[in-house]
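The sequence and structure are shown first.

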Amino acid sequence: MSTFPPLKNNLLLRAARGLHTERTPVWMMRQAGRYLPEYRALRAEDAFFDVVRTPELAAEVTLQPLERFPLDAAIIFSDILVVPQVMGLTVEMIKGKGPHFPDPLRSPQDLKRLRTPDIKSDLGYVLEALTLTRHRLDGRAPLIGFVGAPWTLMAYMIEGGGSKTFSKAKTWLFGLPEAAHALLGQITDVLCQFLSAQIEAGAQTVQVFDSWAGLLSPAVFQAFALPYLNRIAFYLQENHPEVPRIVFAKGAHYALPALAATDFDVIGLDWTMDPRKARRLVGAQAALQGNLDPSTLYAAPEQIHDAVHEMLDAFGPVGHIANLGHGMHPDHDPEHARAFVEAVQGYSHAFASVS
Ligand code: CP3
């Protein structure tokens with residue numbers, strides 16, 4: 001393992017542990033992406049997955065938002081769908097439409113098509129990108145690795161792309177539960193290995209994105225999502241206890257107490273969740289991350305400041321990582337992202353010192 005430059009800003013790692021910080025750390029989901037002209041310029045030359053697969057380019061894109069804004073974390077430029085790819089499914093990124101699987105899993109028979117990847121060689125490009133980015137960051141901020149959650153990946157692998165209802169994937173949950181568990185178990189094994197390898201390659205914290213958790217009922221989440229999230233958090237706790245673990249189960253209001261009881265250190269909230277209520281449900285068991293409505297960034301900078309102050313008051317100064325409640329939109333103005341970051345850093349500084 002290479003020696004990395006010392007970390008000069010560990011606010012996020014401390015907040016993730018519920019420790020006191022001199023101000024609230026801040027980053028933005030999808031902080032590297034199409035709202036940045038420098039990203040669009042680079043993407044004009046190369047296909048999305050070509051950027052992801054070229055460590056030099058992935059590192060460059062990861063650092064783009066940090067060159068502009070004083071962010072407290074970098075998130076590696078990649079995608080949750082690299083995992084279905086290395087398990088044997090073709091995934092294309094279609095301009096203006098999003099991901100498309102030309103040959104998704106159609107029946108339990110298709111599970112035979114899945115392969116067990118060799119993480120170090122099949123996903124070596126993500127690991128190399130992490131190592132390179134960690135060096136280039138030069139300790140400015142911690143580097144976040146990530147994966148999609150088992151249920152969210154299963155949903156894409158069966159549906160073949162985005163969907164309003166994910167009815168095909170839900171057909172497996174309700175009609176083919178054994179096949180669903182077999183698939184979820186197989187995905188989980190890969191995710192444990194992949195996250196572990198990301199940490200060894202330089203990730204200083206990791207986030208699991210369960211983007212479609214909100215489509216499940218509490219009972220179905222309990223049966224098909226939670227056990228696998230639990231397994232991932234437990235595996236990481238056993239193997240890399242020093243690395244904080246973040247889970248973001250979008251839309252899963254009902255799941256907050258259950259997630260608090262897992263080995264995740266931080267629970268991400270989307271913008272429909274009330275921070276005070278979430279804090280009551282989670283107690284001191286986890287830090288919270290979030291949760292400004294990304295659409296707030298369509299407002300004028302003064303209004304963004306007001307909304308951020310309200311958000312910071314609601315979370316309080318301890319055990320909070322400021323973020324949006326979901327990703328940046330491609331039509332956001334980068335200057336409004338700056339207003340968000342500056343509002344968090346300016347206000348929380350004053351606020352932590354009086355509390
Ligand atoms: O800056 C970052 O946050 C890091 C990079 C990142 C991307 N995807 C890059 C990306 C991360 C963390 C993701 C995660 C991801 N990918 C999720 C979970 C987060 C969420 O949004 O709920 C999901 C569901 C995906 C799957 C995915 N990838 C979709 C649905 C799309 C199309 C929609 C869209 O935003 O375009 C992608 C493509 C994608 N992933 C882009 C980027 C920057 C845009 C592709 C392009 O450049 O044309």
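## Residues, core and overall form

At 55% relative accessibility, Arg30 counts as exposed, because the cut-off for that class is over 50%. The model is a predicted one. Arg30 is placed in the loop between H1 and H2. Its phi is near 55°, a positive value in a residue other than glycine.

Thr24 also belongs to a loop, that between helix H1 (11–16) and helix H2 (37–43). Is Thr24 buried or exposed? With a relative accessibility of 1%, Thr24 counts as buried, because buried means under 20%. When neighbours within four places in sequence are left aside, the contacts of Thr24 are Asp72, Leu312, Pro317, His320, Ala322, Val344 and Ser348.

Asn10 is placed in the segment before H1. Between the C-alpha atoms of Asn10 and Pro25 the distance is 8.9 Å, while 15 residues separate the two in sequence.

Asp138 is found in the loop between helix H7 (124–137) and strand E4 (143–148). Phi of Asp138 is near 55°, and this is a positive value in a residue other than glycine.

The accessibility values for four of these residues are set out below.

| Residue | Relative accessibility | Class |
|---|---|---|
| Asn10 | 31% | partly exposed |
| Thr24 | 1% | buried |
| Arg30 | 55% | exposed |
| Asp138 | 39% | partly exposed |

A further backbone feature concerns a peptide bond. The bond from Gly290 to Asn291 is cis, with omega near -10°. Asn291 is part of strand E8, which covers residues 287–292.

### The nonpolar core

In soluble globular proteins, nonpolar side chains tend to be buried together. In this model, the largest nonpolar core has 134 residues. Met28, Met154, Leu183, Ile267 and Phe340 have the most contacts inside this core.

Not counting residues up to four places away in sequence, Phe340 touches Val26, Trp27, Met28, Leu292, Leu297, Ile304, Val308, Met311, Asn323 and Leu324. One of these partners, Met28, is itself listed with Phe340 among the residues with the most contacts inside the core.

### The protein as a whole

The secondary structure of the protein consists of 15 helices and 9 strands. Its radius of gyration is 19 Å, close to the 20 Å that the globule rule gives for 355 residues, so the protein is as compact as a globular protein of that length. The C-alpha trace spans about 60 × 45 × 40 Å along its principal axes.

Of the 355 residues, 58% count as buried. Among contacts with a separation of 6 or more, 74% are between residues 24 or more positions apart.

The accessible surface of the protein amounts to about 14000 Å², and carbon and sulfur atoms account for 53% of this area. As for charge, the protein has 31 positive and 37 negative side chains. The centres of these two sets lie 3 Å apart.

Terms used. Residues numbered from 1 in each chain as written. Predicted model: local features only at pLDDT ≥ 70, side-chain atom pairs only at ≥ 80, totals over all residues. Heavy atoms only, no water. Helix = DSSP H or I, 4+ residues; strand = E, 2+ residues; numbered from the N terminus. Rg over C-alpha atoms; globule rule 2.2 N^0.38 Å. Buried < 20%, exposed > 50% of the residue type's maximum accessible area, 1.4 Å probe, protein only. Contact = heavy atoms within 4.5 Å. Areas by Shrake-Rupley, 256 points an atom, 1.4 Å probe, with all protein chains shown as cover. Lys, Arg positive; Asp, Glu negative; His and termini not counted. Charge placed at Lys NZ, Arg CZ, Asp CG, Glu CD. Core = buried A, V, L, I, M, F, W, Y, C linked by side-chain atoms within 4.5 Å.
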